Amino acid sequence: KYKGPSYDNLMSVRKERLSPALGTYYSTPFAVSQGYKQWLFDLDGKRYLDMYAGICTVSVGHCHPEITEAVTEQMSTLGHISNVYLHPKIHEYAEKLTDKFPGDLKVVYFVNSGSEANDLAVLMARTYTNNFEIISLRSGYHGMSNQTMNLTANSSYKYPIPSMPGFHYAMNPDVYRGLWGGKHCRDSPVQTKRECSCTAGECKASTNYLEQLGDVYRYGIPKGRAAAFFAESIQGVGGTVQFPKGFLKGAYDMIKNSGGLFVSDEVQTGFGRTGEHFWGFEMHGIVPDIVTMAKGMGNGFPMAAVVTTPQIAQSLTKARHINTFGGNPVASAVGIKVLEIIEKEQLQENSKRIGTHLLLELEKLRQEFPVVGDVRGKGLMIGIEMVAGDGSKTPLETAKLMKYWERCRELGVIFGRGGYFDNVFRIKPPMCITKEDADFTIAVMKAVLYEMF
Ligand code: PMP
């Protein structure tokens, strides 16, 4: 039973002592006292199904006993030591993590957050190529550090300060809301009738969006002087946007032809979440030059990393580079355990199985309710785009969106929101959820759809 401060006390400390820049979710902010596996408990002990996992972060389940044990054991052996010394855990983790990568992606630099990882990737790409220009996709989210807020391309995350030079944005290849494409253009278990002019062999949407990306190079970047192209494998904050087939492969070829490196931001899509593959980039048939990761890597423990090739890693030795906590013994112990649990409990396979089931069931809701505009995703990285329901793609009005979302919480299901209009419900639960949890989610979503629409 919860014995901590009251809800009102938490609210007043929140208002007075925590930065007002920290947002809260729900009109009555949600206070959580405990977590276990795929569940959260509020201060009164009411249980909720956590379909958001602390924004795609709790990968193997809240309070996994083996992680608790690993942390306790490591904390009582050696809690922290700078990575200038050798300690067995960082070496064991470096080997086990890089074993998960194809090709020459065999060298890791450990840091503490996704923003830090992407910051470092920008630096590596620039020092390795001796080029400066970086391209990312509109609606992508790559962090909020001084540098990564320039990679992030969404005005909701922009302050009225000058953008840094050297950052360029390409049209977002969003086949639902964008100019070209349709459901068929993306990799999905949901099969519906063709809505686009693509043929089986060629995705025209992909070609068109690549043409737009080409314009960024043609009109904005000195010839052959790009440093890097950054993309998520499926956009997370941007609203679970899946790119048309072939787009990232084309983007890969383009950046290589322009002297730069391909950086895959796997902060949300890594560690088996997309089900079919351990890393999201694998579904696009490419091997990036640099991969950044965070979130699910530590199941909630603050840790992140940049993995790259030995040659690119070498570029950072042009100056001294220090990160105090990166790969510290406790972080490494957690990281090793997360990898072991994903494998032992077959969580990647579970992501695929339960994710596919959820997508197919959600698609049935889409066919029944016109306010469900689009259902997309892969594995346990799912987006449900809510629209006015009048045949247009006008986002569902905020009041209704909020009411729907809050009602689902009342009935015991937590999920997130995203996309430029904040009208995409985001489902990214701990990867240990069961079919019963998925069915419960669908039942709640359906009941509230009946109630409201
Ligand atoms: N990249 C992606 C794809 C993300 O979703 C996020 C966080 N939402 C980040 C980078 C930044 O990570 P952090 O908040 O740990 O700095």
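Start with strands E1, E2, E3 and E15. These 4 strands form an open sheet in the order E1-E2-E3-E15, and the pairing is mixed. Strand E1 (32-36) and strand E15 (413-414) are the edge strands, each pairing on one side only. Keep in mind throughout that this is a predicted model.

**Stop 1: inside the mixed sheet**

Select strand E2 (residues 39-42) together with E3. The two run antiparallel and are joined by 3 bridges. Show Leu40: its bridge partner in E3 is Tyr48. Now follow the chain around the hairpin of E2 and E3, which has 4 residues between the strands. Stop at Gly45, which takes a positive phi near 85° in this hairpin.

Next, select strand E3 (residues 47-50) with E15. Here the strands run parallel, joined by 2 bridges. Which residue of E15 is the bridge partner of Leu49? Val413 is.

**Stop 2: the antiparallel sheet**

Move to E13, E14, E17 and E16. This is an open sheet of 4 strands, in the order E13-E14-E17-E16, with antiparallel pairing. Strand E13 (372-378) and strand E16 (416-418) stand at the edges. Each has a single partner strand, so one side of each is left without a neighbour in the sheet. Neighbouring strands of this sheet are turned by 25° against each other on average, direction ignored.

Select residues 381-386, strand E14, and residues 424-427, strand E17. They pair in the antiparallel sense over 4 bridges. Show Ile384 and Phe425: Ile384 stands opposite Phe425 in E17.

Then bring in residues 347-368. This is helix H11, which lies across E13, E14 and E17. Helix H11 runs at about 170° to E13.

**Stop 3: H3 against H10**

Select helix H3 (residues 65-75) and helix H10 (residues 329-344). Their axes come within 9 Å and cross at roughly 155°. H3 and H10 are therefore roughly antiparallel to each other. H3 passes H10 in a right-handed crossing.

Turn on side chains at the contact. From H3, show Glu66, Ile67, Ala70, Val71, Gln74 and Met75. They meet Pro329, Val330, Ala333, Val334, Lys337 and Ile341 in H10. By class, the residues of this contact of H3 with H10 divide into 9 nonpolar, 1 polar and 2 charged.

**Stop 4: H4 against H10**

H4 and H10 pack at an angle of about 35°, with their axes 8 Å apart. How is this crossing handed, left or right? The crossing of H4 and H10 is left-handed.

In H4, pick out Lys89, Ile90, Glu92, Tyr93, Lys96 and Leu97. Their counterparts in H10 are Pro329, Ser332, Ala333, Gly335, Ile336 and Leu339. The contact of H4 with H10 has 7 nonpolar, 2 polar and 3 charged residues. Pro329 and Ala333 of H10 also belong to the contact with H3.

**Stop 5: the ligand**

How many residues surround the ligand? There are 15, and the closest are Ser113, Gly114, Ser115, Gly143 and Val267. Color helix H5 (residues 114-129): the largest share of the shell comes from this helix, with 3 residues. The residues around the ligand divide into 5 nonpolar, 8 polar and 2 charged.

How values were computed:
Residues are numbered from 1 along each chain as its sequence is written. This is a predicted model: local features need pLDDT of at least 70, side-chain atom pairs count only at pLDDT 80 or more; totals for chains, interfaces and linings use all residues. Two strands pair if DSSP finds at least two bridges between them. Axes are lines fitted to C-alpha atoms, for helices over the stretch in contact, and angles run from 0 to 180 degrees between N-to-C directions. Two residues are in contact if their C-beta atoms, placed from the backbone, lie within 7 Å. Angles under 35 degrees count as roughly parallel, over 145 as roughly antiparallel, 65 to 115 as roughly perpendicular and the rest as oblique. A crossing is left-handed if the near helix is turned anticlockwise from the far one by less than a right angle, and right-handed if clockwise. Ala, Val, Leu, Ile, Met, Phe, Trp, Tyr, Cys and Pro count as nonpolar, Asp, Glu, Lys and Arg as charged, and the others, Gly among them, as polar. A residue is near a molecule or strand if its C-beta atom, placed from the backbone, lies within 6 Å of it.
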